[in-house]
Amino acid sequence: MDRLNIIAQQFATSRLITNVRAFGSGNINDTFLVTVDAAEPHFVLQRINTHVFQQPALVMQNMRIFTQHVCDKLQHEVNLARRWAVPTVLLTIDDRDHWVEPDGTYWRAISFIDGSASLDIIQDLAHGREVGYALGRFHHLISDLDPAQLADTLEGFHITPQYLEYYQRVLPTYTGAIDPEVDYCLKFIQERQEWARVLEDAKSDGKLPLRPIHGDPKVNNVMICTTTQQAIGIIDLDTVKPGLVHYDIGDCLRSGCNPLGEETTAWEQVQFDTQMCRAMLEGYLSQASGFLTSDDYEYLFDAIRLIAFELGLRFFTDYLAGNVYFKVKYPNHNLDRALVQFKLTESIEAQETAIRSIIEDLR
Ligand code: GN1
Ligand code: MG
């Protein structure tokens with residue numbers, strides 16, 4: 001039996017493992033789908049990237065608090081018209097929520113939401129509405145969870161000014177060529193430095209409150225029922241922690257309204273799809289309008305623009321730093337990813353009036 005099977009076996013109790021294979025397209029953790037014999041449900045096995053999540057025990061603690069809260073709430077819900085599934089943490093034979101290998105790597109297992117699948121790229125407006133719905137449902141379910149109960153598992157996550165500071169520290173260490181693409185990125189960031197504080201300023205001014213958030217609600221983290229095509233859950237709970245719902249809304253839209261997807265190499269053709277933006281926001285607000293304040297609405301456009309910009313900045317900085325954070329398949333991968341996000345940001349900026357009027361229409 002190879003090592004992966006031995007690790008998977010820790011979480012499988014007496015079930016017989018039939019297969020362990022690489023799964024999904026995450027940029028941080030290593031993910032595997034474990035299939036077990038006969039009618040038993042499959043599960044997901046993950047090696048946590050402890051360079052990124054330096055306190056994995058806190059990640060697991062947040063997950064437990066989150067799951068408990070949501071499961072309690074779902075039990076008391078009267079409207080059970082739609083299925084909503086929460087991924088649960090599997091325990092090892094000796095009741096631990098993780099397994100540490102002799103080489104120090106940190107592993108955990110999570111249930112797979114049966115009868116569901118996720119897609120890397122948005123398919124159509126109906127899919128967009130479902131992805132938006134899922135984020136709204138998720139926010140609604142945790143809107144009464146006190147964010148102080150959740151640990152900060154990734155300090156500085158989505159704090160754009162901190163990414164800018166890191167960028168300023170990395171920039172002088174870059175010894176590669178300043179070709180036209182790199183030059184475009186340098187100027188792009190330079191021109192947006194001041195504005196990039198917009199959400200953090202609003203937070204400091206008391207306009208936007210800390211709430212529990214998902215942190216990474218991109219399209220492929222929303223599970224779609226394979227029979228009804230409805231969204232039935234959100235996975236990847238590592239970054240559930242206190243934050244601004246704006247980070248989530250911005251992240252969800254920058255992911256869903258880019259029909260070419262974030263991994264395209266055709267970055268010059270990247271456009272922000274405003275029709276999709278309307279569909280996604282409609283889906284989101286059908287669940288979230290009850291807890292959003294008028295200040296929340298005021299910052300929605302900035303959120304959409306900022307999180308695309310921020311992800312471009314994060315990818316570009318990692319390219320300059322030598323690809324130390326995001327996994328890459330080739331040396332310029334993070335540069336290509338940054339160009340996609342910056343082109344998307346440009347398209348958002350060019351369509352500001354249209355996007356703002358969609359937000360006005362829906363509020
Ligand atoms: C990372 O690993 P993954 O794919 O779930 C990143 C997100 C980015 C995303 C871009 C902890 O998520 O913030 O939006 O890549 N997660 C972390 O695809 O940095
Ligand atoms: Mg993630």
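Guide: The account below concerns ligand 1 and the residues around it. The model is a predicted one, and every value given here is computed from it.

Ligand 1 is surrounded by 16 residues. Asp216, Lys218, Glu262, Arg314 and Tyr325 are the closest of these.

In Glu262, a polar side-chain atom is 2.4 Å from an oxygen atom of ligand 1. The side chain of Arg314 has an N or O atom 2.7 Å from an oxygen atom of ligand 1, and for the side chain of Asp236 the corresponding distance, again from an N or O atom to an oxygen atom of the ligand, is 3.0 Å. On its own, ligand 1 has 440 Å² of accessible area, of which the protein covers 95%.

As for the site itself, ligand 1 takes up the space of the largest pocket. Two elements, helix 7 (245–256) and helix 10 (300–321), each give two or more residues to the shell around the ligand. With regard to domains, domain 1 (3–113) and domain 2 (125–362) each supply at least three residues of that shell.

Terms used. Residues are numbered from 1 along each chain as its sequence is written. Chains are lettered from A and ligands numbered from 1 in the order in which they are written. This is a predicted model: local features need pLDDT of at least 70, side-chain atom pairs count only at pLDDT 80 or more; totals for chains, interfaces and linings use all residues. Side-chain values use heavy atoms; hydrogens and water are left out. A residue is near a molecule or strand if one of its heavy atoms lies within 4 Å of it. A polar contact is a pair of N or O atoms within 3.5 Å; within protein, one must be able to donate a hydrogen and the other to accept it, and residues adjacent in sequence count only if both atoms are side-chain atoms. Accessible areas come from the Shrake-Rupley method with a 1.4 Å probe; for residues, only the protein chains shown count as cover. On a 1 Å grid over the protein atoms alone, a cavity is a set of points where a 1.4 Å probe fits but cannot get out, and a pocket is an open set with protein on both sides within 12 Å along at least five of seven lines; lining residues have an atom within 4 Å of a point. A molecule sits in a cavity or pocket if more than half of its atoms lie within 2 Å of its grid points. Helices (H or I, at least four residues) and strands (E, at least two) are DSSP runs, numbered from the N terminus. Domain bounds come from an automatic or database domain assignment.
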